Structure formats: C-alpha cells, structure tokens
Amino acid sequence: MSYSPAITGAGVYTPVESISNAELVEAFNAYADKFNAENAVAIAAGDVEAKDHSSEDFILKASGIESRYVMDKSGVLNPDIMYPQMRQRQDDEPGIMAEMAVDAARKALAQAGRKPSDVDAVICAASNMERAYPAVAIEIQDLLGIDGFAFDMNVACSSATFGIQAAADMVRSGSVRSALVVNPEICSGHLEWRDRDCHFIFGDVATATLIEREEDAKGPRFDILSTRCATSFSNNIRNNNGFLRRSRPDGVKDRRDMQFMQNGRKVFKEVLPLVSQHISTHLQEEGVPHTQLKRLWLHQANKQMNDFIGKKVLGRTPAPGEQPNILQEYANTSSAGSIIAFSQNSEDLSEGDVGLICSFGAGYSVGSVIVQRRA
Ligand code: COA
C-alpha cells in the first residue's frame, strides 16, 4: 500500500529585529576604522592588511539584499562585538532554535487545520544545530506535544527540500501519517560579521511545512508529485566550527574558519549550471514541460543567481511573480529561503497549477520538489 504525500500547511517565524544595509555598513565601517587605528603600526610595516570600507551600493548590486532579520541586533551592530549575543539558555528551558521552530510549526499546523496530536514525526532540517544532542527536533516534538519520533538532519541550504523528501517518502510508505519539517536558521550565529566579503549575506528565520497524505488534507494543498536530491562534495562553502557561537569565551581561539567561509565567485559559477541542469532533468524525467510551470520558489542567496536560473529553466525571463524573491527583505536564510518564498507566494495559485521548490548550497547540494495545487 502506498500513499500520495501533500504539503498541507506552511509557516514562517520572522524575528522582531531587522538590520538595514545602511545600519550594517555603518557598523562595519566603524569596526574597520577602529581595527585600522589599533593596528596602524603593523599596517604601516606591511605586517597586517588594512580593512576596506563596505558599501551599500555594492551589497545591493552584488546580491539584491536590502535588509535582514536577526535574533540579536545590538551585538551584531556593536563595533566592539560584531556577533549576536544570545543568552545561554538553561537546560530546563526551551532552546532558541526550538522556540523559533515551534512558532513556525504552529502556523503551518493552523494553515492545515491540524493539532500537534495529529502529527507523527518531526524533522528539524537546518544548517547549524544549537547543540549536538539531544536532537533539537525532539525538543520541538516535546514542546508541541507530538507523539511518535523526531530527528535532526543537515544538508546546509538544501536542508528543507531534503527534509521534505524524507517526510514525503515516510508518508508515501505509510511509516507515518503526517510529518512536520521545520527549518530554524540562526545564520547570524555562524556568519563572520567582520568580513566585508560576506557580512551582508545572511539573516535569521524559521520555516515549517506539514506533509500529510493527500486524502487526509482538510483544505487546499500542494500534492508532492516528485522530489529529487543530489550532492557533490565541494569546499567552496564551509564552516569548520559546526555549531552556533554564542560568545567568545577566554581560551577559545577565534579562528576565521570557525565561521561561514565561501569562495563566492566559484560558488556562483559552479552552482548555477548544476542547479539549472538539475531542475531541467527533474522536470523532463517526470514528464512536466517547463511551459507548465506556474511558479518557481528558489533558494534565496543572490538575486542575479535566481534571475539566471529562472531564465534558464523557463527559457525566457520570468514574468513578475513567477519566480518570487524574498531575499531583498530576509537576505539569505539558508534552507528556509525557498520555503519563505513558497509560504508567502503560493495561495493565489489555481487548481491544477504546477510549481517547483528548489534549494541549493553547501555540499554542494541541490533539492527540488514538484508540487501541484489542489483547491
Ligand atoms: N563592499 C564593497 N566592496 C566589496 C564588498 C563590500 N561589502 N565585498 C566585496 N567587495 C569588493 C571586493 O573586494 C572586490 O574588489 P576588487 O575587484 O577590487 O577585488 C569586488 O567588490 C568584487 O568582489 P567579489 O567578491 O568578486 O564580488 P561578487 O560580484 O562575486 O559578489 C557575492 C559577491 C558573494 C555576492 C557573489 O559572489 C555571490 O552571491 N556568490 C554566490 C553566493 C552563494 O550563493 N553562496 C551560498 C551561500 S549558502
């Protein structure tokens, strides 16, 4: 016996605080000036490289990003700190990722007309976990009051689509009746805010999707027609620390490779053909002509990248609204980006309309989900 999976609800938790490009650049430039003053002798001797100013124009032109939401604005913008200062939670209180995910999950459940007791499994799929164990997903399961089981998974920016594939496969096989996939992303915790080349890239957010049997859906839904995941090892996006930095306690060496690192140019060049080809092959093998695609919800890293992929897949420049971007407001939110785009730009689709969710990033990794609107 096999069942057909559908996305019946999606939700987004958006942090209260946001940082505009102007605020970000002002803080970075103050930090750079201070660094240069403190290291004037070494810079003059050629032993240390002076830090250049960042620029709003560059950020907007290179990425399309205008602002980002963060869990702690004051730490990030303080030139003496330059990282989010999140209070270390006690072991008997909810973790910060769990709290964000629970908010997004409740919204997804509300859209689906479901209660936590209707859910059988929770997958927490994100780029960085707040701790190694117990799994953050199990804490979320507990906070929501869900029976069954939960587990964490990490495929960096592709975590959400890989999580949806795992959930859809479980629903299809009958091992669960419904599963929540949550993507709490505290990207501010692993971004090096003191590095001009990347300080503008990320923001914080959490997203959630509920995957159920089509036949169980209580309202409009998106049938999951097919999923496809692929990975190919690359060091061009890498974080050697592997967990969120809450502080820089004495004695911990503050190495650059402990934060997000990327070779942005290479990523741009190598990932574009990988993703365009992945989507085109997926559509072809499922017998879905690109002319049938009503919407593309792409990973949100860079506007130019998305414009390129949209054009390549559709064979023409996408019409306004066909390939919605949210990165101007949210920046790159890792795995959550394509799900924010989906959650905020899907309810207007009509019965039978076909769309594609696609995320891509570190690994390299790329995941695509072909969905069909059912009223
Ligand atoms: N302000 C002003 N100038 C800046 C700057 C900033 N914040 N950051 C970099 N520059 C400068 C560089 O120093 C460089 O100067 P140079 O030409 O004198 O050497 C110039 O601007 C171009 O820098 P470059 O890094 O080559 O920019 P880019 O056009 O490649 O854009 C990215 C940078 C990161 C936006 C772009 O490469 C990208 O989006 N890559 C893919 C990223 C991605 O998807 N990552 C996935 C993460 S999950």
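1. Arg213 lies over the face of Tyr3, and the distance to the ring centre is 3.5 Å. The model is predicted, and every value in this note is computed from it. A second contact of this kind involves Lys51, whose charged end sits over the ring of Phe35, 4.6 Å from the centre of that ring.

2. Phe35 also takes part in ring pairing: together with Phe28 and Tyr31 it belongs to a cluster linked by ring pairs.

3. Phe222 and Phe342 are both buried.

4. Phe342 has a further partner in Trp297: this aromatic pair is again edge-to-face, at 4.9 Å centre to centre and with 85° between the planes. Here the link runs from strand β11 (residues 293-298), which holds Trp297, to helix α11, which holds Phe342, and the two residues are 45 apart. Trp297 is buried, as is Phe342.

5. Is strand β6 (residues 178-186) enclosed or open? Of its 9 residues, 9 are buried, so the strand is largely enclosed by the rest of the structure. Burial applies to both faces: Ser178, Leu180, Val182, Pro184 and Ile186 point one way, while Ala179, Val181, Asn183 and Glu185 point the other way, and all are buried. The buried set includes Glu185 and Asn183.

6. Which strands pair with β6? Strand β4 (residues 121-125) runs parallel to β6 and is joined to it by 4 bridges. With strand β7 (residues 204-213), β6 pairs in the antiparallel sense, over 9 bridges. Leu180 of β6 illustrates both pairings: Leu180 is the bridge partner of Val122, and it stands opposite Leu210 in β7.

7. The loop between β6 and β7 contains Leu191. Leu191 is buried, and its relative accessible area is 0%. Leu191 and Lys266 are 75 residues apart along the chain, and 19 Å separates their C-alpha atoms.

8. Which residues come nearest to the ligand? There are 19 residues around the ligand, and Ser54, Arg196, Gln262, Arg265 and Asn302 are the nearest of these. A polar side-chain atom of Ser54 is 2.9 Å from a ligand nitrogen atom. Ser55 contributes through its backbone, with an N or O atom 3.1 Å from a nitrogen atom of the ligand. For Arg265, a polar side-chain atom lies 2.7 Å from a ligand oxygen atom. On its own the ligand has 970 Å² of accessible area, and the protein covers 72% of that.

Conventions
Residues numbered from 1 in each chain as written. Predicted model: local features only at pLDDT ≥ 70, side-chain atom pairs only at ≥ 80, totals over all residues. Heavy atoms only, no water. Buried < 20%, exposed > 50% of the residue type's maximum accessible area, 1.4 Å probe, protein only. Phe/Tyr/Trp six-rings, centres within 6.5 Å; stacked < 30°, edge-to-face > 60°. Lys NZ or Arg CZ within 6 Å of the ring centre and 35° of its normal. Pairing = 2+ DSSP bridges. Near = heavy atom within 4 Å. Polar contact = N/O pair within 3.5 Å; in protein donor to acceptor, adjacent residues only side chain to side chain. Areas by Shrake-Rupley, 256 points an atom, 1.4 Å probe, with all protein chains shown as cover.
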